[in-house]
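This report concerns the surroundings of a ligand and the packing of helices. Please consult the sequence and the structure displayed below while reading.

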Amino acid sequence: MSAAAEERSARAPWALTAPALMLFVGVLLIPLAMTVMLSFHDWGQYKGIEPVFILKNWHEIATDPYYAEMFWRTFRIAILTTFLTAVLGAPEAYILNRMSGRWKSFFLLIILGPLLISVVARTLGWALLFGGNNGLVNKLLMSLGAIRSPIPFMFTETGMVIALAHVMMPFMVLSVWAALQRLDPQIENAAMSLGASPATIIRRIIMPQIMPGVLSGAIIVFSLSASAFATPAIIGGRRLKVAATLAYDEFLNTLNWPLGAAVATLLLVALVLIVVGSNSLIERRYAEVFR
Amino acid sequence: MAYLELDRVAKQFGAQTVVDDFSLSVGKGEFISFLGPSGCGKTTTLQMIAGFLDPTRGAIRLEGKDLTAIHPAKRGLGIVFQSYALFPHMTAAENVAFGLEMRNVPRNERAERVRAALAMVGLAGYEDRHPRRMSGGQQQRVALARALVIKPSVLLLDEPLSNLDAKLREEMQIELRQIQRTIGTTTILVTHDQNEAMSLSDRIVVMSQGKIEQIGTPQETYEKPASAFVSQFLGKTNDFAGTIDRTVAPTQLVAGSWRAPAPAGLGGPVTVSVRPERIGFGDTGLSAKIIARIFQGNHWLFQCDSECGPAIVIRQNDGQAQPAEGDAVRLTWRPEDMSVRARADA
Ligand SMILES: Nc1ncnc2c1ncn2[C@@H]1O[C@H](COP(=O)(O)OP(=O)(O)OP(=O)(O)O)[C@@H](O)[C@H]1O
Ligand SMILES: [Mg+2]
């Protein structure tokens, strides 16, 4: 190959990716950089946004316990949601994987269902199921004697966790399922022939091998739950705010864009740190299973 | 008395009968191969012995006890899977130790037995490797050690060597046979490689479409195939159409211009099958023309067009002059080198 041709072929990948790259820079990187810059600007009730460089917003977030509580609530909800999807989703994926063809596709559709239903309809459905004294779930639990008074759903963290776990479930199930696909189909028979009981097979053979799937599912669910907007907005309203709904309020109700930008930036940075950190931890811990 | 006994075992999946009327008795310490083409039910039979599948009919007995009543985890059989099915998250030593752990073997004894088992398969020093970091041959050895360390009553091998390249496979065959001889474990090997079955086993069970075609020593199945299927499946063979002529006395077997005294108990149209290496060039016999002569190192391969159809002849490269392409020859063989079966299609 001539030098010119070589140069041309070296440039080709850039030329080919240029449109996508420009879109990425244009609609993601530039607005992101502007948001970060915005978080250092000043704002006043009457003067509006002033393009200066001050740490006022960041200082407010760091010192006012309101923000600490709100961020703590955001992550608490995300962690509980992640935990719930992992505990329910991993066995669900395992059972699904053992089903025969027709049932498998039927139940897969049911699991993917929440993604196909509008967030408003889905959340209101949950609200109806609990719905104070008359909700189906509350009635059932009370008649069984499991609870004395109805579990409140609207404007509660419990409600948010349940509704979020429902819509996040497909991500966990699919992620665990992908890990299950990599399993040797004879591996359970192999363990059984060596004398392992079904419980031992799950604990010693299956669990360690699907753990990477559970953890990567957990990362997806966690980051989506921590930055979720619609579900917390409908259930929590203006009363119970999480980071995403707070940023939204600052932008659109208070019109304090710089403060909203600071909240959004902090949420982004915290999420990136958590996701990247736990991802590299997982990869190191499960190097043998991943290879 | 039979050690392991399969008594008219059958397996159906829905309406499809995959294994039918399978009866076999295996002596203690014997090495048996199930040989047959893909899909003939070898794995299914093995899995019924292992207990992963329940037979639809028939009984499986080990030392006279009904094996099907025992849960697979309690049967105490050693199994090597075609894919090895090693536990990828455990080291070689942990893989081998798993069966001992399940049997609550004390830690010290366990470590000692794991070490000995890995040494036996030639993997001393590989204790801490994970399976994904091992070659196919090494993984295969770990799987073998894992199956043998529990001192199984029967060792079941499902095409354990099919993933290895030709040279490694040959090495492992020799090693497998040696290990089996040393520890004397009753072994059943599933394979579709006739060379593997012949070089390893005491007896071969030739299967086709879920049925047993023949049970016999490698020599018996090769030299006295019980059916056309067996003679075709076990190496190259020539099938010539012949007839038994009862109009002359003594009765004669005639195939083209080749003739010999007829074997007893047969009449009418027959198939004469002769192995290519048992055919020689002579002055009388089947007349044929040599179409191609192929040199293969230690032997010559001749493709001939005979009066009874195409024929293959193999001659040792013993330094003698050999006929050339285009030569007219006469093919001849000794009556004891052929097997004669009644011809169904006539
Ligand atoms: N679970 C099943 N359901 C329905 N049919 C099956 C099932 N398992 C096996 N079969 C059928 O049974 C037949 C025998 O299968 P088996 O796996 O025993 O063949 P095999 O002799 O081991 O072949 P190979 O050499 O390819 O491994 C095949 O036709 C297969 O399609
Ligand atoms: Mg098979």
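The model is predicted.

**The site of ligand 1**

The shell around ligand 1 is formed by B:Phe13, B:Gln16, B:Val18, B:Ser38, B:Gly39, B:Cys40, B:Gly41, B:Lys42, B:Thr43, B:Thr44, B:Glu159 and B:His192. By class, these shell residues comprise three nonpolar, seven polar and two charged.

| Residue | Protein atom | Distance to an oxygen atom of ligand 1 |
|---|---|---|
| B:Gly39 | polar backbone atom | 2.7 Å |
| B:Gly41 | backbone N or O atom | 3.0 Å |
| B:Lys42 | N or O atom in the side chain | 2.8 Å |

Taken on its own, ligand 1 has 630 Å² of accessible area, and the protein covers 60% of this. Two elements of chain B, strand 2 (16-26) and helix 1 (42-50), each give two or more residues to the shell. Of the elements, helix 1 of chain B gives the most, with three residues.

Helix 9 (residues 198-226) of chain A packs against helix 12 (residues 257-285) of chain A at an angle of about 175 degrees, and their axes are 10 Å apart. Angles over 145 degrees count as roughly antiparallel, and helix 9 and helix 12 of chain A are therefore roughly antiparallel to each other. On the side of helix 9, the contact involves A:Leu215, A:Ile219, A:Phe222, A:Ser223 and A:Ala226; helix 12 contributes A:Leu267, A:Leu271, A:Ile274, A:Val275, A:Ser278, A:Asn279 and A:Ile282. The residues of this contact are nine nonpolar and three polar, with no charged residue.

The second pair consists of helix 3 (residues 65-98) and helix 11 (residues 243-254) of chain A, whose axes come within 8 Å and cross at roughly 135 degrees. A:Tyr66, A:Tyr67, A:Met70, A:Phe71 and A:Thr74 of helix 3 meet A:Ala243, A:Leu246 and A:Glu250 of helix 11. Six nonpolar residues, one polar residue and one charged residue make up the contact between helix 3 and helix 11 of chain A.

Methods:
Residues are numbered from 1 along each chain as its sequence is written. Chains are lettered from A and ligands numbered from 1 in the order in which they are written. This is a predicted model: local features need pLDDT of at least 70, side-chain atom pairs count only at pLDDT 80 or more; totals for chains, interfaces and linings use all residues. Side-chain values use heavy atoms; hydrogens and water are left out. Axes are lines fitted to C-alpha atoms, for helices over the stretch in contact, and angles run from 0 to 180 degrees between N-to-C directions. Helices (H or I, at least four residues) and strands (E, at least two) are DSSP runs, numbered from the N terminus. Angles under 35 degrees count as roughly parallel, over 145 as roughly antiparallel, 65 to 115 as roughly perpendicular and the rest as oblique. Contact means heavy atoms within 4.5 Å. Ala, Val, Leu, Ile, Met, Phe, Trp, Tyr, Cys and Pro count as nonpolar, Asp, Glu, Lys and Arg as charged, and the others, Gly among them, as polar. A residue is near a molecule or strand if one of its heavy atoms lies within 4 Å of it. A polar contact is a pair of N or O atoms within 3.5 Å; within protein, one must be able to donate a hydrogen and the other to accept it, and residues adjacent in sequence count only if both atoms are side-chain atoms. Accessible areas come from the Shrake-Rupley method with a 1.4 Å probe; for residues, only the protein chains shown count as cover.
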